[in-house]
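Good morning, and thank you for coming. Please look at the structure on the screen while I describe one part of its surface and then the sheet behind the numbering.

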Amino acid sequence: MKGNPTNPEEPEKAYARNQVSEVWPLEKFSKHIADHNGVYSRGTVKGVISDMCECLVEQLLNGNKIQLGELGSFVISISSEGAESIDKFTSKNIKAVNILFAPGTDFENLINYAEFNPVASRVAQAATLKAEKAGESVVDLDAAKNK
């Protein structure tokens, strides 16, 4: 039972909540992918990624949290409507099951790796391209922005 933080006067209600059964590190998850349908059933990089996605969904729905090393971790979250009691809570109260991704330390904030360069606006780029295609050497940006 859980209260409504935006309206504390409301009575507590029953909500769905994900429970993690097991945390799978990268090594265990990789072995599962390899063993799942034989060693990389599709045999290509695209196939391996596809197998990984299928296995990720499978294991998340089995209640496992998947840790992919420095990339980060995946777990599910459940959105539900509250019920008056636990006895009145059913699967019909569940409205969504979503995948949450928590980036690893290398991916938390890329500001230290990013470079920012000023570029022309999309309107200016489109006007320049249009002028070049028409053989014009001058672009009227004010006219392009007022379209």
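I begin with the nonpolar patch, where strand β4 gives the largest share, 3 residues. Helices (H or I, at least four residues) and strands (E, at least two) are DSSP runs, numbered from the N terminus.

A word on the source: this is a predicted model, in which local features need pLDDT of at least 70 and side-chain atom pairs count only at pLDDT 80 or more, while totals for chains, interfaces and linings use all residues. Residues are numbered from 1 along each chain as its sequence is written, and side-chain values use heavy atoms, with hydrogens and water left out.

The patch covers about 420 Å² and consists of Val 57, Leu 61, Ile 94, Val 97 and Ile 99. Two elements, α2 (45-61) and β4 (94-103), each give two or more residues to it. By definition, patch residues have over 30% relative accessible area and no salt bridge, with like charges joined within 9 Å and nonpolar side chains (Val, Leu, Ile, Met, Phe, Trp, Tyr) within 5 Å. A salt bridge is a side-chain nitrogen of Lys or Arg within 4 Å of a carboxyl oxygen of Asp or Glu. Areas come from the Shrake-Rupley method with a 1.4 Å probe, and for residues only the protein chains shown count as cover.

Consider Ile 94, which lies in β4. Its relative accessibility is 32%, and therefore Ile 94 counts as partly exposed; buried means under 20%, exposed over 50%, and partly exposed in between.

Now the sheet. How many strands form it, and in what order? There are 4, in the order β1-β2-β3-β4, and they make an open sheet with mixed pairing; two strands pair if DSSP finds at least two bridges between them. At the edges are β1 and β4, each pairing on one side only.

Strand β1 (residues 22-24) runs parallel to β2, joined by 3 bridges. Glu 22 has Asn 64 as its bridge partner in β2, and Trp 24 has Ile 66.

On to β3 (residues 72-80), which pairs with β2 in the antiparallel sense over 2 bridges. Here Gln 67 has Ser 73 as its bridge partner. The two strands form a hairpin with 4 residues between them, and Gly 69 in the turn has a positive phi of about 55°.

Thank you for your attention.

Conventions. Buried < 20%, exposed > 50% of the residue type's maximum accessible area, 1.4 Å probe, protein only.
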